[in-house]
Amino acid sequence: MGAELGIYKSCVSARSTDKEILKFAQDGGIVSSLFAYALDAGIIDGAIVAANKEFAAKYPAKCIQDSSNFDMIEPFRPIPAIVNTKAELLAAAGTKYNISPNIALLKEATRSFGLDKIGIVGTPCQMQAVRKAQLYPVGMRDVGASIALAVGIFCMENFPYQGILQLVEDHAAMKMESVKKMEIGKGKFWVYGKRGQVVQLPLKVTHKYEQPGCHVCLDYVANLGDISTGSVGSPDGWSTVFVRSKIGDSVWAKAMAAGCFETQPIEKVKPGLELVTKLANEKISKNKKTLEGRATFGVGKALRNPYI
Amino acid sequence: MADKITVGYTHLSGCTGCTVALADNYAGLLTLLDKYVDLKYMPTLADARHIQKVDVSFVEGSVCINDKLAVEEIKETREKSAVVVALGGCACYGNITRFSRGGQQNQPGHEAYLPIGDLIKVDVFIPGCAPTPQLIRNVAVMAYLLLKGTKEQKDLATAFLKPLMAAAAEGNSACFCDLMTKVINQGLCMGCGSCAAACPVNAITMEYGKPQGERDLCIKCGACYHQCPRSWFSFDVVSNYEAINEAIMAALQ
């Protein structure tokens, strides 16, 4: 294929040098460190991130203002929120494994939150949404030019909240409240409990809980982020980082100069880009098949193909 | 002057919000008028108001079919323009005028309003209420490149405008329900939240990863569906976002 990793200017394996961030981070603390640096350096004046129940209790005014009753929100249900400080950033860190509608805050970030330079983190499909919003801003007045840093995260698929609930409570037999962290790695879905217990589920079990909308996605490594990152390809505790756009290149160079990250050449680490490429190709070819299947789904009737 | 494209602006039953959105390009609008566009007629922003022969005409507002003048104007617009662009929710989809049932001052008999595509063939849609200054700007620059650009620029403009032309060919009604029927029902929604951000009346919230629409609030502008990355998405165009953004900004310098 060849295009599975998207266009990038550089790729490294990296880890935050900030011990505090690493304590809260899913892997190498890349997103948190980038945003913390960008906030500090004035590159962004706020970032849209996926926060959670605890964050909402502490910073209710920073969360998306919709009809949600934050008291009723379950553990690990993501809440799009704006963070303006490192403390807020850390309170929101970590992967939630179900989709956070971060783009829903993109316009409001420039309105009641008053941001002129927005940082946003999201999945590959959300990076597509960001770029579509810049080129075709149908309902995104005065938003595109305010996006100062878009960080994409690798994504094989996502889960609806109820899918995660069933995996954790029914399959892993743990209460959502007692979960400290979830993780997908080494071919398994891992649930870490607050008391130290660990449950692993084979990925095969998780497939039926994936969101159907993910099965037409042709992007694994967030090709349209300014910078994209994920754990795959790097050793434990490290993340693989692709620097893609001019903005990404400039922010990454400044963050490196400020000593935010330690890096290793991606060629030198195991499992390296080979695994990223393999998984990207697996996702893309599987989902291309889904798209082909959709074209002949009925009798002389196709399901809609969003790609033109 | 010779290199400019000629543009007209027909104003039917619309609130002038689209005109304001166009004007909200500020200096960008002046550059457009300076370098690329010869504005032949436009109520509000130009002296000449009567429809003339032009390359591209923008139409704001829906057509009141009880108003003879409006019907004549939309037909004349079609006859005299090479390209007709429906600007904004009312021209594309009827938008808020869909809710009209007549009886308003000072023309109580004006009760039936149609999107312009119900009366004439429309080439390009710019949906949204109001349409954004940036999308109007992007379409204007692309329309210029399509008519006056090099082969390469023409190809880019064609690719850029393709989904907006497809929208014009697809139909003349819009609703929050498009997200249900064409995205969620089709198994395509992944819960990014674009629709909720795009909605001008905050009728959409994201509940458990999917849009939930307050259908009584929906004004039928089409912004949510067209902002959705799973309504239509062109890898050729969007993957090239950096170069296209730069080209548009450079054109407006």
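Biologist: How many helices and strands does chain B have?

Modeller: This is a predicted model, in which local features need pLDDT of at least 70, side-chain atom pairs count only at pLDDT 80 or more, and totals for chains, interfaces and linings use all residues. Residues are numbered from 1 along each chain as its sequence is written, chains are lettered from A and ligands numbered from 1 in the order in which they are written, and side-chain values use heavy atoms, with hydrogens and water left out. Helices (H or I, at least four residues) and strands (E, at least two) are DSSP runs, numbered from the N terminus. On that basis, chain B has 11 helices and nine strands.

Biologist: What is the radius of gyration of chain B?

Modeller: The radius is taken over C-alpha atoms, and the globule rule is 2.2 Å times the number of residues to the power 0.38. For 253 residues the rule gives 18 Å and the value for chain B is close to it, so chain B is as compact as a globular protein of that length. The C-alpha atoms of chain B fill a box of roughly 55 × 50 × 30 Å along the principal axes. The radius of gyration of chain B is 18 Å.

Biologist: What percentage of the residues of chain B count as buried?

Modeller: Buried means under 20% relative accessible area, exposed over 50%, and partly exposed in between (1.4 Å probe, protein chains only). Among the 253 residues of chain B, the buried share is 55%.

Biologist: What area is buried between chain A and chain B?

Modeller: The size of an interface is often given as the accessible area lost when the parts come together. Here buried area is the accessible area (1.4 Å probe) that two parts lose on being put together, summed over both. Contact (heavy atoms within 4.5 Å) joins 46 residues of chain A to 56 residues of chain B. Carbon and sulfur atoms give 56% of the buried area, which is about 4,600 Å².

Biologist: Which three residues supply more of the area that chain A buries against chain B than any other three?

Modeller: Their share of the area that chain A buries against chain B is 18%. The three are Leu135(A), Tyr136(A) and Val138(A).

Biologist: Which residues of helix 7 of chain A are buried?

Modeller: Helix 7 spans residues 161-171 of chain A. The cover over its buried residues includes strand 6 (179-185), strand 7 (188-193), strand 8 (198-202) and helix 8 (203-206) of chain A. After helix 7 comes Ala173(A), with a positive phi near 55°. The buried residues of helix 7 are Tyr161(A), Gly163(A), Ile164(A), Leu167(A) and Val168(A).

Biologist: Is Lys62(A) buried or exposed?

Modeller: Lys62(A) lies in the loop between helix 3 (53-58) and strand 3 (79-83) of chain A. Beyond four places in sequence, Lys62(A) touches Phe55(A), Ala81(A), Ile82(A), Asn84(A), Glu88(A) and Phe113(A). Its relative accessible area is 18%, and therefore Lys62(A) is buried.

Biologist: Why does Thr240(A) count as buried?

Modeller: Thr240(A) belongs to strand 10 (residues 239-243) of chain A. Leaving aside neighbours within four places in sequence, its contacts include Cys11(A), Val12(A), Phe154(A), Ile266(A) and Leu273(A). Thr240(A) counts as buried because its relative accessibility is 0%.
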